[in-house]
Amino acid sequence: MEVKETIANTKYCNSLTSYSRRKTIPVKIGNVWVGGDNPIVVQSMTTKDTMDTEGSIAECIRMIQSGCELIRITAPSIKEAENLRNIKDGLAKQGYYVPLVADIHFTPNAAEIAAGIVEKVRINPGNYADKKKFEVIEHTDESYQEELERIRERFLPLIKICKEHGTAMRIGTNHGSLSDRIMSRYGDTPLGMVESALEFLRICEEENYHDIVISMKSSNTQVMVQAYRLLVQKLDEGGFKPYPLHLGVTEAGDGEDGRVKSAVGIGTLLEDGLGDTVRVSLTEDPEFEAPVARALIDRYTKRPGHEDIKAIEDYPLNPFEYNKRHSLEVYNFGGANVPRVITDISKVENITKKELKHVGHFYLPELDKWKMNDQGCDFVYSGSNPISFMLPNGLKEIVDWKFWMELSDQNNKFPAFTLEEFLATKNYHSELNILKLKDVEVVEAIGVLEGRKDVVIILHSDNKHNMPALRRAYISLINAGIQLPIVTEAGYKEQDADQTMLYAATDLGGLLIDGLGDGVMLGLEEKEQQDRKAMLETVKLHNSVSFGVLQAARTRMSKTEYISCPSCGRTLFDLQETTAMIRKRTDHLKGVKIGIMGCIVNGPGEMADADYGYVGSGKGKITLYKGKEVVKRSVPSENAVDELINIIREDGQWIEPEAVE
């Protein structure tokens with residue numbers, strides 16, 4: 001990494017090593033307080049048409065029962081804004097008083113009506129009183145200021161109504177819907193996202209209105225994390241009040257992918273004490289979102305009091321830009337190689353060829369050949385249980401040093417050392433030696449690592465404050481000039497699959513976002529011995545999550561990525577059904593990004609990162625995109641997936657799926 005910055009110049013959290021929540025001003029939203037010393041709040045968003053009063057009420061109740069503490073409802077026009085009163089009254093009649101948030105895009109009039117009814121209004125500064133036509137606009141300083149004055153006049157009535165009714169506001173910037181004016185001056189950047197919000201915030205502060213929460217959401221986890229960090233720094237630099245932050249990754253998707261991607265972005269910020277409300281955006285029924293958000297948040301209720309981590313005095317990272325740590329190439333780790341996946345199978349004795357399917361490698365006995373899928377791991381760590389058969393070319397094995405010393409073939413298997421073993425022996429592999437190093441051993445290890453070009457470190461920490469402890473170890477190695485590749489290991493005791501996804505995505509993904517890590521590994525060491533079937537299922541989950549974390553952090557694209565928005569009242573088709581249908585036809589297109597958006601609001605802007613887009617543009621009508629360019633309009637929904645595939649084919653990105661034998 002070339003950038004050398006002191007912590008004073010990159011201040012975005014209280015501490016990089018000691019868990020401490022950022023102290024914000026408390027904001028009252030109905031009967032819920034956000035920020036200050038109050039617990040982090042869970043929120044979600046309805047999917048029903050806002051004009052379906054009874055359906056919306058029933059959905060809200062299911063969300064409340066699943067743990068939702070704030071409920072957002074879309075109000076795309078005046079009629080929906082007015083109907084929020086009926087939904088609110090209907091909930092009250094059944095004894096539910098959870099605060100409601102009106103979600104506004106394009107329609108200031110609807111926002112002004114909603115502000116007199118519900119407890120909070122969310123506006124998107126990219127399209128509230130600004131323009132988004134994907135046009136480059138040349139502004140002089142004078143004409144730019146004139147635009148700000150126009151926005152101010154359009155925004156003032158909403159501020160006045162919010163002050164009169166005690167209504168809170170979220171200024172919610174989305175990466176994909178920055179206005180043409182902001183894009184022309186700042187580009188498609190985290191700084192543009194921050195400035196978009198600050199323009200509106202300045203107007204609020206001038207009017208002495210402070211009941212505000214701010215968000216910086218993106219479907220790109222790197223951009224999302226950088227934008228929130230930059231926002232905090234700019235708030236401090238600009239003398240603004242420390243407003244509460246709402247955290248979320250837009251269009252995270254569904255299932256494991258959606259959970260992992262959400263946790264990479266949200267968890268990274270929670271680790272550094274940022275965030276006062278959380279929404280996990282899944283392309284699933286909204287009642288499934290709150291438990292995932294709660295699982296992320298609850299991890300920090302016991303975080304204070306963790307084992308001390310030495311403070312960082314010389315911080316060599318730029319937290320506002322992605323720069324991969326420079327590392328030497330050792331075997332096929334580091335350098336220009338993609339991050340590697342090491343899958344731990346050490347607790348599976350005498351693993352068979354057939355059982356390697358759990359790590360993405362398939363043995364075909366009829367042909368006596370091997371096949372690998374997109375999640376075929378690069379290495380297996382067998383520990384004290386070396387594999388007895390020859391592995392396929394795409395897979396290598398790491399064995400504990402003591403057992404490696406007993407092998408007849410020491411060339412095609414690689415030794416894994418503890419620090420004590422590494423210091424005591426002179427028996428090393430000529431090309432690749434794995435050093436299993438704990439964060440507290442790093443300082444001791446630095447002297448023996450200097451000048452080595454045959455070592456890859458597997459870095460682990462037992463500290464409850466795991467990600468910052470690992471980050472501290474990385475910083476020590478960087479500042480000591482150690483450029484050997486480092487694989488980050490995380491391990492967890494017994495927990496459910498969701499927790500494994502969320503915790504691993506936070507601990508490993510948070511480091512990857514800062515350019516730290518030449519590979520990942522989910523260890524089995526802390527697991528109790530399970531029956532064989534259960535242990536193999538754990539191995540399969542760990543392997544899948546490892547690839548998912550790398551993809552979510554944008555460091556290794558191994559499968560098709562779906563940037564699919566959660567359903568809401570604006571959606572023009574069944575998002576879950578459509579996403580499943582598109583995934584079924586396209587999930588073999590490795591590395592291709594497809595945006596699936598329910599309406600024009602979350603359409604061309606929100607899928608800023610997508611290669612291709614499928615956007616609802618009317619009842620039964622779909623608009624198809626290549627990047628941000630419209631390719632076909634008003635395609636009947638029954639033909640739209642075929643037309644999407646034709647566009648991908650014409651673009652030279654289509655490959656035929658392999659026939660299932």
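Aromatic contacts in a predicted model

Tyr 331, Phe 333, Phe 379 and Phe 414 form one aromatic cluster. The model is predicted, so local features need pLDDT of at least 70 and side-chain atom pairs count only at pLDDT 80 or more, while totals for chains, interfaces and linings use all residues. Residues are numbered from 1 along each chain as its sequence is written, and side-chain values use heavy atoms, with hydrogens and water left out.

User: How many aromatic pairs does the structure hold?
Analyst: There are 15 aromatic pairs. Rings of Phe, Tyr and Trp (its six-membered ring) pair if their centres lie within 6.5 Å; planes under 30 degrees apart are stacked, over 60 edge-to-face and the rest tilted.

User: Why is the pair of Tyr 19 and Tyr 300 called stacked?
Analyst: The ring centres of Tyr 19 and Tyr 300 are 5.7 Å apart and the planes are at 25°, so the pair is stacked. Tyr 19 lies in the segment before strand S1 (27–29) and Tyr 300 in the loop between helix H9 (289–298) and strand S11 (340–344), 281 residues apart.

User: What makes the pair of Trp 370 and Phe 389 stacked?
Analyst: Their centres lie 6.4 Å apart with planes at 15°, so this pair is stacked.

User: Why is Phe 389 counted as buried?
Analyst: Buried means under 20% relative accessible area, exposed over 50%, partly exposed in between (1.4 Å probe, protein chains only). Phe 389 has 14% relative accessibility, so Phe 389 is buried. Trp 370, at 25%, is therefore partly exposed.

User: Which ring does Arg 299 lie over?
Analyst: Arg 299 lies over the face of Tyr 503, 4.2 Å from the ring centre. The criterion is NZ of Lys or CZ of Arg within 6 Å of the ring centre and within 35 degrees of the ring normal.

Methods: Helices (H or I, at least four residues) and strands (E, at least two) are DSSP runs, numbered from the N terminus.
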